[in-house]
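Biologist: Could you walk me through this model? I'd like to start with the backbone and then go to the side chains.

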Amino acid sequence: ILFLVIGVFAIIDFRVALAETLPPLPIEKLKKIELFYPDTLIVPGKLDTFFLRLFAGNIFGSDIKYHRLIGKKTLVKLNTFMQKNRDYSAYLYGNSRVDLGWLKKSSWQEINWASIFKKRQDRKYYNFGFGYQPVWFINNSGLFFNTQLCFWEYEDIVNNRFVLSRFNGSFNKPTKVGIINISTDNSLQTDFDNPQKAQYYSSAGIAHLMMLFNNFYVKPTFNYSFFYHNNNFGPKALTCKLNLGYGITDFITAIDFGYNNLQPVVFDTLYANVFPYLANKELMSATQTTQILLGWTVKFRTIDFGVNYQKFCSALNWQQQDSWFISEIIDSSYSEVKFNLSNDWQFLVNDLVISYIFNPRQLMPKYTITDSIRIKLKGWQLLGGINVIGERDWYSRALPVQAILISQLSYERRAVKFFVRVDNLLNRQYEILPDKFDKGIKYCFGFELNK
């Protein structure tokens, strides 16, 4: 889990999108604002709940969530979010999602609909999708399916409109020697204007969690993946992972090893729709490969510590064409070391993530540091954070170091919370992309109602 630390998104409890104050980021950070990723539309813990957030300033918007349990077997969830941001593209972003789930004798059935609206300068996007997520309970085993059909419209210098369908399945079976998991992941992406560019990604895997002696456990995983594009098979990979761990009530530690991991990259939804000047050559033109992964994690009561190393065999490369930055995946190796430390005490919460990249590619920061400290006392909460982004090479020059300071003060009483927030406290106009500058300080104030 610690390998997917989301940096600044994970250290801020107020969901003001900071995508346009950051340089091009890893895939995991950008997934969070796309369709069907639940971190975009946070699910409150209660089944019957109403949540309202209103905020205004040079960033303004609203966030509404309503979850209702009807009877004992039907759950309805309604979520909407809208935000207007002051930045070099001054974008308007909104999403909505409706979920309907119902319990049957031996299964849980759920359907959902989601949409995203975005407006940046003279460009508009409206994307929507449908999903079906059933879970069957069979003789103490769980069978899970997740099917999604999404329509994305994306207009830039390549004018893409396409449909993406996904199918994921997972089967868990308890045994005398542990739990066996069998899973599959499939994606089919079709371009409206160029049907011959249809692309297909598929993977299947098996994992076995085995409890050993004296609270030790081991989990080997094997996964085979392949990529099909332009009537040809692309990269293929047999992924091997091994997790060794030890756990008791207040202490858990684990060592992870992975080799030859293959992931599809959907540029349009993960990059170009986040950053208004980015585009790509093709829809899902290649894959990003992790050759080696090594990690160590420790959890002791309220303290979490982790360090991991990854070596990549491919990387995103950027070229400038007019006012656009065109992306493609190239065969080029680089390595990343990441360190994270967090604690959650009664009055003090701290999250620190440090990342360093060896042999960085175009627009890749050599290092990043994100840290936040949250102090809680009698309904008051003070948040202070910093996000440092190292130099990024761009041909014959380098984009300078960024240090973005974040501050938020809030007061909560019963079901109501008031807050004021300021980003980029030093009012610096950082160069987000080459010759594209951030507009400086951002602020907002508002309230939350959570019943």
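Modeller: First a term: helices (H or I, at least four residues) and strands (E, at least two) are DSSP runs, numbered from the N terminus. This is a predicted model, in which local features need pLDDT of at least 70, side-chain atom pairs count only at pLDDT 80 or more, and totals for chains, interfaces and linings use all residues. Residues are numbered from 1 along each chain as its sequence is written, and side-chain values use heavy atoms, with hydrogens and water left out.

Biologist: Fine. Where is L363 found?

Modeller: L363 sits in the loop that runs between strand 19 (348–358) and strand 20 (367–377). Its phi is positive, about 65 degrees, although L363 is not a glycine. Most residues other than glycine have a negative phi.

Biologist: And is L363 buried or exposed?

Modeller: L363 counts as buried because its relative accessibility is 2%. The cut-offs are under 20% relative accessible area for buried, over 50% for exposed, and partly exposed in between (1.4 Å probe, protein chains only).

Biologist: What about the phi of N214?

Modeller: N214 is not a glycine either, and its phi is positive at about 50 degrees. N214 has 59% relative accessibility, so it counts as exposed.

Biologist: Switching to rings. How many aromatic pairs does a search of the whole structure find?

Modeller: The search gives 13. Rings of Phe, Tyr and Trp (its six-membered ring) pair if their centres lie within 6.5 Å; planes under 30 degrees apart are stacked, over 60 edge-to-face, the rest tilted.

Biologist: Why is the pair of F213 and F216 tilted?

Modeller: Because the planes of F213 and F216 are at 50 degrees; the ring centres are 5.9 Å apart. F213 is exposed at 59% relative accessible area, and F216 is partly exposed at 38%.

Biologist: Which other pair does F216 form?

Modeller: F216 also pairs with Y246, again tilted, at 4.8 Å centre to centre and 50 degrees between the planes. Y246 is partly exposed, with 21% relative accessible area. Ring pairs join F213, F216, Y246 and F251 into a cluster.

Biologist: Now charges. How many salt bridges does the search find?

Modeller: There are 10 over the whole structure, each being a side-chain nitrogen of Lys or Arg within 4 Å of a carboxyl oxygen of Asp or Glu. One of them joins R397 and E431 at 2.7 Å, N to O. R397 lies in strand 23 (residues 397–399) and E431 in strand 26 (residues 431–433), so this bridge ties together parts 34 residues apart in sequence.

Biologist: What about the salt bridge of D99 and R97?

Modeller: The side chains of D99 and R97 meet at 3.0 Å, N to O. D99 is buried, with a relative accessible area of 3%, and R97 counts as buried at 10%.

Biologist: And which residue does D304 form a salt bridge with?

Modeller: With K299; the closest N and O atoms are 3.6 Å apart. K299 counts as partly exposed, at 35% relative accessibility.
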